[in-house]
Amino acid sequence: MSTRPTYPRQKSVWHLTLFPAVKKDVASNGLPKWLGKRYLHPTHATLTLQQRDGHDISDHHLCTSYEKHEDGLGYTQHWTSRNHRKHRLVCVGPAEPHRSRHASNLFVGLWHMATRTEYWNVSWWVAQAFTWGSVVWCLNGFFALMPLLYPSTFAESVYSTGWTAFIGATIFEFGSVFGMWEAWNRDDVSSFGWNVNHTFRRIGSELHDTTYTAFGEIPQTMKGIGDALRRASTHGHAAVEKKVHPTDPEKGVSTVHGNGTSSPDSPPAGASSPDQKESPHPPEFSLKRRWIWFSTDTKYFREVGFLAAAFQMLGATIFWISGFTALPTIQLAIKEHTGVLDGVFWVPQVVGGMGFVISSTFIMLETQTKWYKIRPLNIGWHVGLWNFIGGVGFTACGALGFGAASNSGVNFQSALCTFWGSWAFLIGSLLQWYESVNSV
């Protein structure tokens, strides 16, 4: 019997392209209807794929993200925006196409963490940045707390706390940048669990994927496209690629040349190409996807995952100010000036910490099917939970810091909040690391 959660039939705007053989049955998000239904894209969906008689992908693919229909002629997948963005629906990596990313149990997943360096996966870089940044913050917590617990053994040092705060805040800032890149560069195609990027990179003479045979696609046509692109590249000509608007799938197909200009016979915005129905790849999928370093496209503001990354980025940037003013030279200069200390050291901690709390709330809501139903068995939900606890700790540290100079008890609690907040962030980051190297 299936353990997949069920979702209410909520009319959220679907924002990704589906392969021709894939149909979306239900799509929703867990936010309140007045917000989620009207403004935000789905975070959960049920996708159904029908295959042709006589073909079975189960013997050819390493994917485990789908359930086979009882009649044996199709599959159902529980799609989530977080799994999509975190590349958890990517079953094999580009460097190891025959090695599954799925972990059959916890120990295999931990082994993947220890042995796999997924440099191609931006989600892995996000996890690495926050993990090692949290390690530095844990050291900062020790340096801040131990002198208060054992004053005769540990001497208070503005250098150890200052430099670890600066380094930790800087690493968090880099992690937030990676998080924004992850949100901007999430695939525009819902691939039903197969590594689409890897498949399309192998078009041409190397194409061997059996998915297309199983689901009625036309591999020979794809092979012709791959051969044409390879020949154009070999002879130094600008390759012509068929793609839609890079940021808005609703703007239709266009023919874009190597110099980025549209050809005169490109279909107008919103129009479909005459051969679009015969195309073996999704009409909105570009064979040569460009990496997005920065975007002001407002479509991302309708995605819960992007909102989480944006608030993380905002919080980390403001929080970095307190890391910078914690540097020994600056800290010694402002320590006796209460107003300045509060304004440039404690306030950024409070505001930045609140950004972490809001970001973590979005992460938890993204994984939930209802805003009031928690998901304690979901790893993504726990990432949000532990980051939420860490954000509360960092916020409380700054809030208590306003009275730390005049009250030893408040000073102790402020240092303690940094200590347990850092460990909470470390737990959340390790879970994120595990999540990034293991497909569903």
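Mentor: In this predicted model, about 240 Å³ of space lies in the largest cavity. A cavity is a set of points on a 1 Å grid over the protein atoms alone where a 1.4 Å probe fits but cannot get out, and lining residues have an atom within 4 Å of a point. Volume is the space filled by probe spheres set on the points, which are joined across faces, edges and corners.

Trainee: How are residues numbered, and what gets counted?

Mentor: Numbering starts from 1 along each chain as its sequence is written. Local features need pLDDT of at least 70 and side-chain atom pairs count only at pLDDT 80 or more, totals for chains, interfaces and linings use all residues, and side-chain values use heavy atoms, with hydrogens and water left out.

Trainee: Which one gives the largest share?

Mentor: H5 does, with six residues.

Trainee: How many cavities are there?

Mentor: The structure holds five of 30 Å³ or more.

Trainee: And the largest pocket, what volume does it have?

Mentor: The largest pocket has about 800 Å³. A pocket is an open set with protein on both sides within 12 Å along at least five of seven lines. Glu-156, Gln-331, Phe-345, Trp-346 and Asn-411 are the closest to its centre among 34 lining residues. Helices H4 (122-149), H5 (158-184), H9 (304-325), H11, H12 and H13 (408-436) each give two or more residues to the pocket lining.

Trainee: Moving to packing, at what angle do H11 and H12 cross?

Mentor: H11 (residues 338-367) and H12 (residues 379-401) cross at roughly 165°, and their axes come within 7 Å. Axes are lines fitted to C-alpha atoms over the stretch in contact, with angles from 0 to 180 degrees between N-to-C directions. H11 and H12 are therefore roughly antiparallel, a label for angles over 145 degrees.

Trainee: What about H12 and H13?

Mentor: The axes of H12 and H13 also come within 7 Å, and the crossing angle is roughly 160°. H12 and H13 are therefore roughly antiparallel to each other.

Trainee: New topic: how many salt bridges does the structure hold?

Mentor: There are six salt bridges, each a side-chain nitrogen of Lys or Arg within 4 Å of a carboxyl oxygen of Asp or Glu. In one of them, the side chains of Glu-435 and Arg-82 meet at 2.8 Å, N to O.

Trainee: Which parts does that pair tie together?

Mentor: Glu-435 lies in helix H13 and Arg-82 in helix H2 (residues 81-85), so the pair links parts 353 residues apart in sequence.

Technical notes:
Helices (H or I, at least four residues) and strands (E, at least two) are DSSP runs, numbered from the N terminus. Angles under 35 degrees count as roughly parallel, over 145 as roughly antiparallel, 65 to 115 as roughly perpendicular and the rest as oblique.
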